[in-house]
Amino acid sequence: MTTDEVREKYLKFFEARGHKRITPAPLVLENDPTTLFTSSGMQPLVPYLMGETHPEGKRLVDSQPSIRTVDIEEVGDNRHLTYFEMLGNWSLGDYFKEEQLNWIWEFFTEGLSLAREKLWITVFEGGGGVARDEESVEIWKKIGIGQERIFYYPAEKNWWSRSGTPEQMPINEIGGPTSEVFYEFESIKHDKKFGEKCHPNCDCGRFLEIGNSVFMVYKKTKDGLGELPNKNVDFGGGLERLVMAVNDNPDLYQIDVFQRFIGPLEALTGKSYDSFQREMRIVADHIRASEALVKTDVVPGNKLQGYVLRRLIRRAAVKMRNLKGNLQKTDLSFDFTDGVRQVVEEEVERFDKTLDRGLKEMEKIKKIDEKKAFDLYQSYGFPLEITQEIFAEKGQRIDKDKFEAEFEKHKEKSRTAAGGMFKGGLADKSEETTRFHTATHLLHESLRRVLGEHVQQKGSNITSERLRFDFSHSKKLTNEEIKKVEEMVNERITKNLPVKAETMTVKEALDSGALGFFSERYKEKVKAYSIGDFSKEICGGPHVAATGEIGRVRIIKEESLAAGVRRIYVSQTAQ
Ligand SMILES: [Zn+2]
Ligand SMILES: [Zn+2]
């Protein structure tokens, strides 16, 4: 079965059970200051899991293109990817465990004809104040799965939230116990270095997780776990991994979507995939991810999404050079559309100019450290992963956190008014945009106070004339609501409240009540900006020192942008 066929089967299966097929979110959310990429199917649905009414109803299904760069160093093994699609179905306070577990079993065993005896089940063993999930076990047994095929695991394995276990969840984060289905590859023999006995979560590779049903019913409060208004189901399953199970082949790179890379790679380098799996997998994954990013209008650069794209292309280029012995502009072009081809070729050409000099420079370094690794990045554009690999081969490690610290030090030095990691959707760094950007914080908080806490910023765009602000909300704003928001913002402007920044980790920021809707588990430090006691938000600036500098504003237009997303325009009031 092809990847397209598996995707379509899944979507149709759940459509036939009352689910509405929704449009997945873009890979890069427009001007979202707190997240680089969409990294799961549930991420765009968080407000609805928290209780807001979804315009398409209570049963939803989609396949969400996603990027996760936390796994970038794992790419090269038989199962990790940076770019993938995630199948997802949701019940927003509608059906619960009984239907979900029965349906997903039916889909796997009948829809995809996976052999029953190769499927294994895991459930939450309890902890953090939540009981062992016997309810799911009973349902699995009724389906016909024997106790010996059901495994209990702690929160590290069978609890899902964007930040980990119940203890790790910041205030307002949602989560819940999970039940997963694993596929067993009989061709992979258990290796005792991973433990005496093999089991679904064993790292030997014999088992592959193909589906995760999250029973999303909890929200972290200052008093511990509280209950969400609804009992929700949030299912996620990696599409490519599912195809791997359908093919009963433990090599993810053997599925159809990678054949357009592996074949040409073998032809171009004259080497076989079997002998150079790791290198060819990295090239295939990174270039496929790069293609998806370029199609989302990302261009290689030194910041944010652009930097991720640059790392992907350059790492693939180094692997290609190792395979082929040299590097040419067209080596990574594959069968791309013209637009993608041009971006990739230009980046390879740019990198090729410094690659040889950089490699020579590297040869001179006897002992690598984080500062030198950063210099190599600065002068020759070598992403950390490349430097790491070359010196690791020599048994030398570079500490990622220390490297990031070097990066931060440098960024701090070169930070211009509009610079920074969490740049807030600014067209330029003029005074007007600084004023308007600060106004987005007041606007965001005012919208939440007037319309409700489901409101989340979805993007902003600023010119010297006006501020455009997108946010989650499903209904048209009434004139009265518009007036209230406007007054609330202007009142804070008139009060001339101080704007202050504090640097802290994402968790500290969220625990202190700062707004920030993130998807990756950032360990890094961020800035939380407070405006008096009124608003607190994770952001990268630039901001005025006190709100009086903004000058009074007015909402000039309010419109619908997409299902569940509104857009407003704000301008300065004539003085
Ligand atoms: Zn094992
Ligand atoms: Zn800001």
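Mentor: Helix H14 covers residues 431–451 and helix H15 covers residues 479–494; their axes are 9 Å apart and the packing angle is about 135°. As H14 passes H15, the crossing is right-handed. On the H14 side, the contact is formed by Ala439, Leu442, Leu443, Ser446, Leu447, Arg449, Val450 and Leu451. H15 contributes Glu481, Lys484, Val485, Met488, Val489 and Arg492. Sorted by class, the residues of this contact comprise 9 nonpolar, 1 polar and 4 charged.

A second pair may be set beside this one. Helix H8 (residues 277–295) and helix H10 (residues 338–364) have axes that come within 10 Å and cross at roughly 115°. H8 is therefore roughly perpendicular to H10. The crossing of H8 and H10 is right-handed. Here the contact involves Ser290, Glu291, Val294 and Lys295 from H8, together with Gly339, Val340, Val343 and Val344 from H10. The contact of H8 with H10 consists of 4 nonpolar, 2 polar and 2 charged residues.

As for the whole protein, its secondary structure amounts to 16 helices and 16 strands. The radius of gyration is 25 Å, close to the 25 Å that the globule rule gives for 575 residues, so the protein is as compact as a globular protein of that length.

Finally, the confidence of the prediction deserves attention. The protein has a mean pLDDT of 88, with 94% of its residues reaching 70 or more. Residues 414–428, however, have a pLDDT below 50, and in the model this stretch has 40 contacts beyond near neighbours in sequence. Where pLDDT is low, the predicted coordinates should not be read in detail. Those 40 contacts of residues 414–428 accordingly belong to a stretch with pLDDT below 50.

Conventions
Residues are numbered from 1 along each chain as its sequence is written. Chains are lettered from A and ligands numbered from 1 in the order in which they are written. This is a predicted model: local features need pLDDT of at least 70, side-chain atom pairs count only at pLDDT 80 or more; totals for chains, interfaces and linings use all residues. Axes are lines fitted to C-alpha atoms, for helices over the stretch in contact, and angles run from 0 to 180 degrees between N-to-C directions. Helices (H or I, at least four residues) and strands (E, at least two) are DSSP runs, numbered from the N terminus. A crossing is left-handed if the near helix is turned anticlockwise from the far one by less than a right angle, and right-handed if clockwise. Two residues are in contact if their C-beta atoms, placed from the backbone, lie within 7 Å. Ala, Val, Leu, Ile, Met, Phe, Trp, Tyr, Cys and Pro count as nonpolar, Asp, Glu, Lys and Arg as charged, and the others, Gly among them, as polar. pLDDT is the predictor's confidence in each residue, from 0 to 100. The radius of gyration is taken over C-alpha atoms; the globule rule is 2.2 Å times the number of residues to the power 0.38. Angles under 35 degrees count as roughly parallel, over 145 as roughly antiparallel, 65 to 115 as roughly perpendicular and the rest as oblique.
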